[in-house]
Amino acid sequence: MLVRPYLIMNIFHDKVIWRGDRNDRIVYLTFDDGPTPHTTEAILEILEVKNVKATFFCVGDNVRKYPHLYETITSFNHETGNHTFHHLNGWKTSTNTYVENVIACESFFQTPFFRPPYGKLTYSQYLQIKQRYLVVMWDTLSMDYASTETHVSCLKRLIRYTRFGSVVVFHDNVKSRATLLKCLPAYLDFLKNEGYTCRTITDFVIKKVHI
């Protein structure tokens, strides 16, 4: 299943990215939920071997607990985004509490990008968050976290739904680790064989500004 949060995209349009330029053979690779011991390091090793850069949407409390992992991400010239401090579900959290949780991350790292956990964000939350961040959603979800999925089924889904400009989501957490670490190298090989280039969200923003 291709996951596109249409409702959010239809309402929140002026500061939201869900897909890049449909004319460019580029994929924007992203990882949510980290940094996570052992998983983050393994992801970084794969990306380094494949010579790929990505954007990591980090949970603030994980950055607080594992600052060395966050520093390792940035030392490899990957970029980061805000994923709330406690991985909150916006639909189950008051606006004030949610926004305060997002801002709490700023004590530990700075970034111009934000992605709501689960893709769930209310309009009132969005109105405040867009004043500080560019909201980054996605158009292609790996489903690497699902217990019903294997690395083979995740890879097949990604191959089926990857398009020019796709923003692709993997997960940097314990639950996804086994599937992710088998699927990711094969997916990167697919992208290379199909002539895709992986870029960061900053690259998309820079390109958009110069169009």
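Rings of Phe, Tyr and Trp (its six-membered ring) pair if their centres lie within 6.5 Å; planes under 30 degrees apart count as stacked, over 60 as edge-to-face and the rest as tilted. The views below come from a predicted model, in which local features need pLDDT of at least 70, side-chain atom pairs count only at pLDDT 80 or more, and totals for chains, interfaces and linings use all residues. Residues are numbered from 1 along each chain as its sequence is written, and side-chain values use heavy atoms, with hydrogens and water left out.

**View 1. Phe31, Phe56, Phe170, Tyr187 and Phe190 form one aromatic cluster.** By the ring rule, the count comes to eleven aromatic pairs. Phenylalanine 31 and phenylalanine 56 make a stacked pair, because their ring centres are 5.0 Å apart and their planes meet at 20°. This pair links distant parts of the chain, with phenylalanine 31 in strand β2 and phenylalanine 56 in strand β3, 25 residues apart. Helices (H or I, at least four residues) and strands (E, at least two) are DSSP runs, numbered from the N terminus. Both phenylalanine 31 and phenylalanine 56 are buried; buried means under 20% relative accessible area, exposed over 50%, and partly exposed in between (1.4 Å probe, protein chains only).

**View 2. Tyrosine 123 and tyrosine 126 form a stacked aromatic pair.** Their rings are 6.3 Å apart centre to centre, with 25° between the planes. Both tyrosines lie in helix α6 (residues 123–129), three residues apart, or about one turn of the helix.

**View 3. Strand β3 (residues 55–58) pairs with β4 in the parallel sense over four bridges.** Two strands pair if DSSP finds at least two bridges between them. Asparagine 82 in β4 is the bridge partner of cysteine 58. Strand β4 (residues 79–82) is covered on both faces, with Glu79 and Gly81 buried on one side and Thr80 and Asn82 buried on the other.

**View 4. Helix α2 (residues 39–50) has several buried residues, including Ala42, Ile43 and Leu44.** Contact means heavy atoms within 4.5 Å, and what covers the buried residues of α2 includes β2 (26–32), β3, α4 (67–75) and α8 (177–193). Just after α2, asparagine 51 takes a positive phi of about 60°.
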